[in-house]
Amino acid sequence: MFDEVVVVISHNPSKPSGVFTPEERRDLIFGALPEGVAVEVVLSANRLLVDVCRELGATAIVKGLRGATDFAYELPMAHMNRHLTGIETLFLPGNPAMEHVSSSLIKEVVRFGGDVTGLVPENVRAALRDRLAPTGP
C-alpha cells in the first residue's frame, strides 16, 4: 500500500512507564521483522501523533483493529487527526483468531508463568519472560 512505513513509538514521560523503555520497544520491533523488511522507527515524547506525521511528510496513519471495541476507541482519534491536519487514518482488520489478544492480557499470562507462544513474536515472548516471569518456587 505504501512505499515507506514508519512506526512511531509515542511515550508520555509523565505517565507510568510500561514494561519496556521506548528504546527497548524499538529494538523489539527491529528484532521481530523478517529479513529484508525495512521500516523506520521514530521515538516521540509528549507530542501529538499528527505533529510527528506532519514532520515526516506522512500521507496516512495506519492502525490495526482487533474488533469493534478498538474501532470505537480509535474512530474519534481518527476524526480529530483529520480535523487537525487533514491526515487520514486507515484501519486494517486483524486476524479474527487474535481478537482476544491484548498487551495487558499477554503481560498477565506471562507474569503468572503462562505460555504466549504464537501470540507475540518470539523475541518479544523471550523479553517478556525475562522481565515479567515469576522466579523461584
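In which helix is His 79 found? His 79 is found in helix 3, which covers residues 68-85, and this briefing places that residue and several others within a model that is predicted. The protein chain holds five helices and four strands, and when it is read along the sequence these follow the pattern β-α-β-α-β-α-β-α-α.

**Overall picture**

- Along its principal axes, the C-alpha trace of the protein chain spans about 55 × 35 × 30 Å.
- The protein chain has 137 residues, and buried residues make up 23% of them.

**Helix 4 against helix 5**

- Helix 4, made of residues 103-111, packs with helix 5, made of residues 122-132, at an angle of about 55°, and their axes are 9 Å apart.
- That angle makes helix 4 oblique to helix 5, and the crossing of the two helices is right-handed.
- On the side of helix 4 the contact is made by Ile 106, Lys 107, Val 110 and Arg 111, while helix 5 contributes Leu 128, Arg 129 and Leu 132.

**Helix 1 against helix 5**

- The axes of helix 1 and helix 5 cross at roughly 145° and come within 9 Å.
- This contact is made by Glu 24, Asp 27, Leu 28, Gly 31 and Ala 32 of helix 1, together with Asn 123, Val 124, Ala 127 and Arg 131 of helix 5.
- The residues of the contact of helix 1 with helix 5 divide into four nonpolar, two polar and three charged.

- The largest nonpolar core has twelve residues, namely Val 19, Phe 20, Leu 28, Val 101, Ile 106, Val 110, Val 116, Val 120, Val 124, Ala 127, Leu 128 and Leu 132.
- Helix 4 and helix 5 each supply at least two residues of this core, and helix 5 gives the most to it, with four residues.
- Ile 106, one of the core residues, is in contact with Val 101, Val 116, Leu 119, Val 120 and Leu 128 once its neighbours within four places in sequence are left aside.
- Val 120 lies in the loop between helix 4 and helix 5, and it touches Ile 106 and Arg 125 when residues up to four places away in sequence are not counted.
- The C-alpha atoms of Val 120 and Leu 90 are separated by 23 Å, and these residues are 30 residues apart along the chain.
- Asp 130 is also found in helix 5, but it counts as exposed because its relative accessibility is 62%.
- Between the C-alpha atoms of Asp 130 and Val 110, which are 20 residues apart along the chain, the separation is 9.5 Å.

- Leaving aside its neighbours within four places in sequence, Ser 44 is in contact with Val 8, Ile 9, Ser 10, His 11 and Val 52.
- Asn 46 has its place in the loop between strand 2 and helix 2, the latter being residues 49-56, and with a relative accessible area of 57% Asn 46 is exposed.
- Although Asn 46 is not a glycine, it has a positive phi of about 55°.

- His 79 is partly exposed, since its relative accessible area is 40%.
- From C-alpha to C-alpha, His 79 and Glu 24 are 31 Å apart in space, and they are 55 residues apart in sequence.

How values were computed
Residues are numbered from 1 along each chain as its sequence is written. This is a predicted model: local features need pLDDT of at least 70, side-chain atom pairs count only at pLDDT 80 or more; totals for chains, interfaces and linings use all residues. Side-chain values use heavy atoms; hydrogens and water are left out. Axes are lines fitted to C-alpha atoms, for helices over the stretch in contact, and angles run from 0 to 180 degrees between N-to-C directions. Angles under 35 degrees count as roughly parallel, over 145 as roughly antiparallel, 65 to 115 as roughly perpendicular and the rest as oblique. A crossing is left-handed if the near helix is turned anticlockwise from the far one by less than a right angle, and right-handed if clockwise. Contact means heavy atoms within 4.5 Å. A nonpolar core is a set of buried Ala, Val, Leu, Ile, Met, Phe, Trp, Tyr and Cys residues joined through side-chain atoms within 4.5 Å. Buried means under 20% relative accessible area, exposed over 50%, partly exposed in between (1.4 Å probe, protein chains only). Ala, Val, Leu, Ile, Met, Phe, Trp, Tyr, Cys and Pro count as nonpolar, Asp, Glu, Lys and Arg as charged, and the others, Gly among them, as polar.
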